[in-house]
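Keep the picture at hand as you go.

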Amino acid sequence: MKNILIIDDEEGIRGLYEIEFQSEGFQAHSVSSGREALRYFEENRPVDLVILDIKMDDMNGLDVLEELRSKTVGVPVILNSAYSTYKNNFTSWLADAYLVKSSDLSELKEKVKELLTI
Amino acid sequence: MVLIVNKVDQVDRTGPPALYFVLEPKYASGIDVTDIDNFHIRPQSHDSPYIKEILTRNLKSVREVLALALDGQPGKAIFNIDSGGYTLHYELHCFPLPGFDSSGVGCFLIDRSIEKRNQAAVNSRIYELGLISQAVRAFAETRNLSEILRIILLAVTAGTGLGFNRGFILLSDDARECLWGCMGTGPSSPEEAGIIWNQLSRTPLTFDEVLRQYKAGGAYDAQVNSLILSIKIPLSGETDFIARAALEKRSVIVGPEMIQNDDDRSFFAKLGVDQLAVVPLLSKDSLQGVILADNIITRRSILPSDLHLLEIFAKYASDAIENSRLYGKLEHQVELLKEANENIIESRENLIRAEKLSSIGRMALVVAHEIRNPLTIIGGYANLRLRKMPPEDGSRHTLELISKQVGRIEKTLDHFTSVVKMSGKKEDKFLIVELIKETLGMLFSDPNSPECRIDENVGNSRIFVDKGLFHQAMMAVLREAARIAGGIGNISLDITRNEEYAIIFIDGGENNPKFAENFYSGLKDRKEEERYQDMAVAIEILRHYGGDIGIGTSQGVHGRLYIHIPLGEEKT
């Protein structure tokens, strides 16, 4: 079973995504900040894909992405933000996909499956 | 005496002005005064035959005074003789000679020709000076260069004028590199000249009247004008007689003997003359141009005195031309200042508008983030519940309603966050160079900073954009570029064109080889969120119009920031 890590400071988003992806047959875990996410990786816990918010209080999602890319090779990252304009930030190009948040999660789920080649 | 040597038609202008002689009747009474042969001319001299010829030619005038003198009354006769193209003027004074054995008549034949000629010369000079005076007065009444040129040419040619059949003016360009034909006047053929001069002889006009007639009339001298308008003479060509006269600031009468090369020959052939007066128009040692004048119709030789008069007139004409040109430049400067003032006002308005749009853009982004998250949660949970809910569940309708309305708000939000879809867009085609200059004018007070090089192939290129939005995008980029480069003075712009795109290269200067790289890393600095958002909006605007921003290498030196935007197409 594939492990998905959800990084978002919005509790409602984390809860929703966990339920949705678990119901799709994934192991879904979530953390509420960038620093927590980096610790999660330092603990060598299994992660097959990351869904990453950008605008968070303690550490910006793009900084987290840079950190992940410098330490972890090969984990697909989907940037998932309320902002469409972060697409213009070149760090966002380090991500495998960039999706604007929507109540319709079908596009996100499709992208997850695509990146995990399921 | 005598004015007359050999025969009347040959005039000796160096002779004495008067001759005294006595007419002595051959007969004691019954003298017929209608025949000079009835008198002896005393003393006899070599002049006597010619005195006789003069008296005989003007017998009608002579016999009256002669008769008077014979009756004891003095008298005077005045008469003229045409001689070899000249008119000789004479006075014959006759008086009785008492005490002679027989009645005789004392005569003084006085030649007034030189006095008359001098008087005519004085009158002519008065006329010419009057003409110059009228022309100078006319110069003072206008600043229009064309009118001034026309006045000059009318003075040179109109009526008896300064005595020329045709006149041409060539003016120097601002850089004093060449003379170009500006205006000509005069008849284009003897027939046309005949008609004009015939009219003038019937109703002689003063210069003021000629000028008024010209102002009231339409186009004149089309043929002569077209002749001169095709002429351009480089001032570097020292072999050209006109260029040489202009460069040496020397008036000259050019005749066949002075024509040295084929160009000169062809120029004379074009004008159809073999003699030409060339007078430089000089004002305070600055060359304004040259006047050319000829006598194509009358073929009268141009005399040094004609040239001298033209020189005198040219001094006044040069000042008038210089004044007009300076006035034109002054007017141009005033226009530029006016335009600059209007631009400042417009720039200020554009700046306010751009700042407003920028604020709206930033607000849209904040709103997007603040609204989209709760919407995702509300709609997401509603969708989740709906999927797990049996079709007959009584809450289903409510959840469907929530899901549908959330989707609707999200779509509205998509539109709202797209700043370029805000209301009030006024798209049109604008000159890219002007837009960039306007943006620079809004941001930076020094018109020469940053340095802005414009490739000639982009000069008239237009882009189809909303002016305010484009200003907003460029302002964000240029502000950021100036910040990264350490000051506006360090950046420079190159505006060029590549096929259907205008490209604006922004360079941080020789001392900033990593300028473009730093620009990008600056974009990743999320600590200054507002500026980042400005850039994000700027990129969004550029992309909306089919453009983009990136790093490009140029001339193999180092990476340069560039913006490209398509030319001219209206976005559908």
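B:Tyr327 sits in helix H10 of chain B, which covers residues 304–388. This is a predicted model, in which local features need pLDDT of at least 70 and side-chain atom pairs count only at pLDDT 80 or more, while totals for chains, interfaces and linings use all residues; side-chain values use heavy atoms, leaving out hydrogens and water. Residues are numbered from 1 along each chain as its sequence is written, and chains are lettered from A and ligands numbered from 1 in the order in which they are written. Helices (H or I, at least four residues) and strands (E, at least two) are DSSP runs, numbered from the N terminus.

B:Tyr327 counts as partly exposed because its relative accessibility is 34%; buried means under 20% relative accessible area, exposed over 50%, and partly exposed in between (1.4 Å probe, protein chains only).

## A buried arginine

Now look at B:Arg166, in strand S6 of chain B (residues 166–172). Is B:Arg166 buried or exposed? B:Arg166 is buried, because its relative accessibility is 5%.

What does the side chain of B:Arg166 meet there? It makes a polar contact with the side chain of B:Asp294, at 2.8 Å. Such a contact is a pair of N or O atoms within 3.5 Å; within protein, one must be able to donate a hydrogen and the other to accept it, and residues adjacent in sequence count only if both atoms are side-chain atoms. A polar atom of the B:Arg166 side chain also lies 2.6 Å from the backbone oxygen of B:Leu271.

## Helix H3 of chain B

Helix H3 of chain B spans residues 113–140, 28 residues in total. Its buried residues include B:Glu128, B:Leu131 and B:Phe139.

Chain A has four helices and five strands, and along the sequence they follow the pattern β-α-β-α-β-α-β-β-α. Of its 118 residues, 54% are buried.

A:Ala82 lies in the loop between strand S4 (77–81) and strand S5 (97–100) of chain A. With 1% relative accessibility, A:Ala82 counts as buried. A:Ala82 and A:Val100 are 18 residues apart in sequence, yet their C-alpha atoms are 5.5 Å apart in space. Leaving aside neighbours within four places in sequence, A:Ala82 is in contact (heavy atoms within 4.5 Å) with residues including A:Val100 and, from chain B, B:Ala368, B:His369 and B:Arg372.

Definitions and conventions
Expected span 1.5 Å × (residues − 1).
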